[in-house]
Amino acid sequence: MEVDEGDIVTLIGANGAGKSTTLRAVSGLVRASRGEIWFDGARIDTLPADAVVKRGIAHVPEGRRVFPELTVYENLNTGAFLRRDKEGIKQDLENVYERFPRLKERRTQYGKTLSGGEQQMLAIGRALMARPRLLLLDEPSLGLSPVMVQEIAKIIVDINARGVPVVLVEQNAELALKLARYAYVLETGRVALEGEAQQIRNDQHVRKVYLGG
């Protein structure tokens, strides 16, 4: 599997196919049993997770995983934990507030008091505070209303348009294939199909199994 600069690449597949495990392997949360993972010319599958973050890879996990007892402001600052450029962090915080006005309104609220959509915005904003060169998104639309799903979709496109490549794991295959340029279909841990997202979207097997007809 490959991700080029400026890309949105999606992984689709049934539950248990290995989508989330793939992202966790890239970000150093699990060890790959075999194979290699390379980023920007260097092998990273032997590195601990904090070293992967230092190299510019940020991971928004499934279920959002915000810190419930920290405020929105404190949650966002955890994303910049490894950074030392105070002015840059301050500017990036303002950029996150500009992109997510609701987070600015709720900056003193605890993470546990936010709605599901607001927690997803917070999780994405926290990842952006790391100033990533690659963003891994795991099920960002999970459990959200249709209106909020469309809002998150616009945010993903906007982040990518500003130069950040995105790897998107989505159970909502229709949404994923609309957003992505390139797609991989995973079946029981293996790439069963790959190609331009529009091409994959028109594939009869994909339409039958993942798109409902």
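Just after α7, Gly 163 takes a positive phi of about 105°. Helices (H or I, at least four residues) and strands (E, at least two) are DSSP runs, numbered from the N terminus. The model is a predicted one, in which local features need pLDDT of at least 70 and side-chain atom pairs pLDDT 80 or more, while totals for chains, interfaces and linings use all residues. Residues are numbered from 1 along each chain as its sequence is written, and side-chain values use heavy atoms, with hydrogens and water left out.

Helix α7 (146-161) has 16 residues and reaches 23 Å from its first C-alpha to its last, close to the 22 Å expected at 1.5 Å a residue. The expected span is 1.5 Å times one less than the number of residues. Its buried residues are Met 148, Val 149, Ile 152, Ala 153, Ile 155, Ile 156, Ile 159 and Asn 160. They lie on the same side of α7, because they cover an arc of only 160° around the axis; the arc is that of the directions from the helix axis to the C-beta atoms. Pro 146, Val 147, Lys 154 and Ala 161 are exposed on the face turned away from the buried side. Buried means under 20% relative accessible area, exposed over 50%, and partly exposed in between (1.4 Å probe, protein chains only).

Helix α6 (116-128) is mostly covered, with 12 of its 13 residues buried. Its end C-alpha atoms are 18 Å apart, which agrees with the 18 Å that 13 residues should span at 1.5 Å a residue. Among the elements that cover the buried residues of α6 are β4, α3 (72-78), α4 (86-99) and α7. Asp 92 lies in helix α4 and is buried, with a relative accessible area of 10%. Not counting residues up to four places away in sequence, Asp 92 touches Arg 83, Met 129 and Arg 131, where contact means heavy atoms within 4.5 Å.

Most residues other than glycine have a negative phi. Arg 65, in the loop between β4 and α3, has a positive phi of about 55° although it is not a glycine. Glu 139, in the loop between β5 and α7, also has a positive phi of about 55°. Arg 65 counts as exposed at 56% relative accessibility, whereas Glu 139 is buried at 5%.

A pocket is an open set of points on a 1 Å grid over the protein atoms alone, where a 1.4 Å probe fits, with protein on both sides within 12 Å along at least five of seven lines; lining residues have an atom within 4 Å of a point.

α1 gives the most to the lining of the largest pocket, with five residues. For the second largest pocket, β4 gives the most, with four residues. Val 53, His 59, Pro 61, Thr 78 and Arg 126 lie nearest the centre of the second largest pocket, and Arg 126 is also one of the buried residues of α6.
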